[in-house]
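Subject: Handover of a structure and the findings on it

Dear colleague,

Please find the structure below, handed over for your reading. My notes on its salt bridges, its chain contact and one of its helices follow.

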Amino acid sequence: MDLRRSRLAVLLVAALVLLAIVESVNAITASLFAPSEKDWQAVASAVKAEFKEGDLVVAAPAWADPVMRLHMGDLLTPAIAARLDDDRFGRVWQVAQRGARTPEVRGTLAQSHRYGALTLERYDRKPAKVHFDFVAAWHRARVVRREPGRGELDCPRGTDRFACPNLGFNFVKPEILEIGHSLRQALYAQPVGGATVVIEFGEPELGSELVVAAGLHHVWFRKAGDGDVVLRVFIGGHERLVQKSDNASGWQRSRIDTADLAGTHVPVRFEITSERPFARHFGFAAEARSP
Amino acid sequence: MSTVLLTPRDRRIDRGIAALLAVLTLCWLLGTEGKQGIGRDEAQYMRAAERYWGWFAHLTDNIKSGHIRSSFTRSGLDTYWSDNAPDHPVVMKILYGVSWRLFHGKEAEVGRSYHPLAYELDHGTIPIFRRPTTAFRFPAMLMAGLLAALVFCLAREFLPRTPSVLAAVLAVAQPHYFFHAPLACFDAPVTTMAVAVGLCYWKALRSSRWGLITGVVFGIALGVKHNAWLMPIFLCGHYIWMHRARLMRFRLPPIPLAFVAMLVAGPLLFVAHWPWIWVSPIARTQIYVMRHLQHEHYNFEYLGRNWNLPPTEIGDQLLRATFPWVSTALTVPVTTLLLAVVGAVFLIRRRKSVSNPESTPTWKTPGRGIDRARGAYFAVQVLGPMAVLTVPSTPIFGGVKHFMPAAPYLAIVAAMGAHAAWLALSTTVVPNLAARWRRLVPSLPVAFAALLALPAVSETQRSHPDGLSHYNLIAGGFAGGATLGMNRQFWGYSVLPLLGSMAKNTPARRNVYWHDVMGDALNLYIRDGRLPPGMGNTGVGEDAIRNSDMGIIVHELHMNLYEAVFWDNYRTVQPTWVRTREGVPIVTGYKRPGAPFVDLTTP
């Protein structure tokens, strides 16, 4: 073996040995670097001491969310945990580990503290003012099914939903849905073949934008069907948004500029259709806001 | 790395080492299996195993009473053998049933009504296992021990003793393999059979006796799991490559005895071993084959996406094609991977041995007198199973287990890398050692091998009992795997550590939602004495959560659906329990606020 090759061989063996040592040490010590129960309890105490209504607590990485909720789930309602987005929250507490960050952390870093393997940070920003939450105010809607040649069939409101005539699956109700594997508080409305499901709100107060998010609920039904669902949004009778949801689109968010209508009360209508409605379980949420 | 020639004494020592490796592997598994919960499919196989044993018991009764024929009628067979058919053949399930009957200790009295068939005995013939589930699992653990021994034997065809031992250790010490090894399933056993068939074939290239043995071993492999269908294809690939010079001269090589034996003995043994087939051999074999050729794509998370259909877009197909390669890169201990790369380089650079013109290949000894192309042999054994999983239309729901027969061969290639590294070290550093260190030289190869085995062993021990959730140093461990969006688990086995807390907080209405933990697994936990009976089971699906006062979510990406139902129906997002590994949630449990609960653990 010449000198160059023998040096190379020694280097390779040295690298192998070093890797073996690093990997072994890492395997033996890795659990020491995970957040402990004590770390989580310390963070929970710190957050609860300063938590105010309208705050949001998030975990980073997102997979730590169940552990965060175990310790601080009492600070979150189902509607907040399954929120449309985080724009309405003025203070966001991020409980992070391993240097992760969540998309929710925007604004000014107001405080930061380390608790063992966890880092607690609070970000302050100007919250969006919500003028009208279309999911929370679901009971104020009027729901009809529009069929060609039959006009509009009224869907009467019950205790937990609007139920349309003759079709058991044709209803509109607020529910926490699984859309693109994320959990969302939404209006659950399945499309009907050859018909339009119409959800109309008479006079909601508008802000400078209308944020709409939608997608297909239920992993098994996304597997079973392949049709698109189209959501049309009309403001004051004018079509302002056409959004298509398919198996891959997930929770899709759109903003409609309503600055010219801010502060006014204008009818908002959502129309849901699908050419292939088999196994299409659709959900959407909307908020009239001013950022 | 020339072929190793062995004296009779060497052979005796090797047999002893192989046996020791098998025993140590068995001890490692017996010492750890109790912490590993019962998987959904595993519980079905245990149930089927007990039923199959029932047929043998019934057959004995019928022989005694002179009604032997009734055991072989359609109903006499289907009553027992239609359980878990046409899903899997029955070699291992029969062994699981026999092992349970022989070795189970006194089962929990409360579990008496949880047997699939009426059973009156207090304990097995030789009651050495406290839990019946350990008795069911014992043959799988023996097969894992056999794997260690076989890997050592195969490695000895190419390597000295110390790296051959390393090969055996690296084969067992892979977290995902180790997870599957003790389970009363088929994935680890068929991995053993892949090495058994491969070893027999290799020897058969120069021995007609081994040619016949290859056929029999292949027949047994067919009875273990359908992965065995692929074994001849990989071996054909090697055989063609080995005879490529002849083929390029448009001359056909001899059809080897091993292949003839596989073709004859394989189907015969397959049909002979499976009583369910006997009723209608062609039709039922067809049903079995189609069951696997048309298998549903269950949900599986890979790189942050849920895969449950064959991808149709080209971008998705390409991403999906990376699955076996990325999964290997992120699950096999990194030192093992690097050693395998070194070993592969040395296999590629190996000089072909000179052909012996006086010894020509025949159909009985088709590898005699020519180079047996060991590089191609390991290439087809490692890359073959992975290549099958590269095809985007193949389901990937079992993760690494779908191409696990590649793992032991990868371990041998890694051991070749270790041996090559040692050779480099012994020709450069060792001769220059100071005199006072020279006396350590004889023990250096063993120390070097032990050092290279340490990361694999420590990673494997770290992963236990959640090997499916474990990812390697490149991925960043449990947390890294979760961040990358790699599958965390399947089969609902991971609930075991929560059973005690759940029993202490049983809903007064006895309405527990068990999510992915199926009824068969619950029955076995009860028989094991690890779960009190009477906790209730509301079944599966969203309504089962709505009808419950307590329930769990076993974390997989597609299971988020069920957490939505908990939030919506329980009106809380705060779990009662979260079971984690290094901070990563594995199972989350909820209690309905305001519902009454009782403690079932106190009399």
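Glu239(A) has a relative accessible area of 44%, which makes this residue partly exposed (buried means under 20% relative accessible area, exposed over 50%, and partly exposed in between, with a 1.4 Å probe and protein chains only). Its salt-bridge partner is Arg232(A), with N and O 3.3 Å apart; the term denotes a side-chain nitrogen of Lys or Arg within 4 Å of a carboxyl oxygen of Asp or Glu. Arg232(A) is likewise partly exposed, at 28%.

Before going further, please note that this is a predicted model, in which local features need pLDDT of at least 70 and side-chain atom pairs count only at pLDDT 80 or more, while totals for chains, interfaces and linings use all residues. Residues are numbered from 1 along each chain as its sequence is written, chains are lettered from A and ligands numbered from 1 in the order in which they are written, and side-chain values use heavy atoms, leaving out hydrogens and water.

Salt bridges within the chains

Over all chains, the count comes to 65 salt bridges. One of them joins Asp74(A) to Lys48(A), with the closest N and O atoms 3.3 Å apart. Asp74(A) lies in the loop between α3 and α4 of chain A and Lys48(A) in helix α2 (residues 37-50) of chain A, so the pair ties together parts that are 26 residues apart in sequence. Helices (H or I, at least four residues) and strands (E, at least two) are DSSP runs, numbered from the N terminus. Asp74(A) is partly exposed at 47% relative accessibility, and Lys48(A) is partly exposed at 37%.

In chain B, Asp14(B) and Arg156(B) form a salt bridge whose closest N and O atoms are 2.7 Å apart. This pair links distant parts of the chain, from helix α1 (residues 8-32) to helix α5 (residues 132-156), 142 residues apart. Asp14(B) is buried at 6% relative accessible area, and Arg156(B) is buried at 7%.

The contact between the chains

How many residues does each chain bring to the contact? Chain A gives 49 residues and chain B gives 60, where contact means heavy atoms within 4.5 Å. The two chains bury about 4400 Å² between them, 69% of it on carbon and sulfur atoms; buried area is the accessible area (1.4 Å probe) that two parts lose on being put together, summed over both. In chain A, the residues that lose the most area to chain B are Glu23(A), Trp63(A) and Lys223(A), together 17% of what that side buries.

Three salt bridges are counted between chain A and chain B. Lys223(A) forms a salt bridge with Glu296(B), the closest N and O atoms being 3.1 Å apart. On the side of chain A that touches chain B, α1(A) gives the most, with 17 residues.

Helix α16 of chain B

Which residues of helix α16 (residues 323-331) of chain B are buried? They are Phe323(B), Pro324(B), Ser327(B), Thr328(B), Leu330(B) and Thr331(B). These buried residues pack against several elements of chain B, including β1 (300-302), α15 (314-321) and α17 (334-349).
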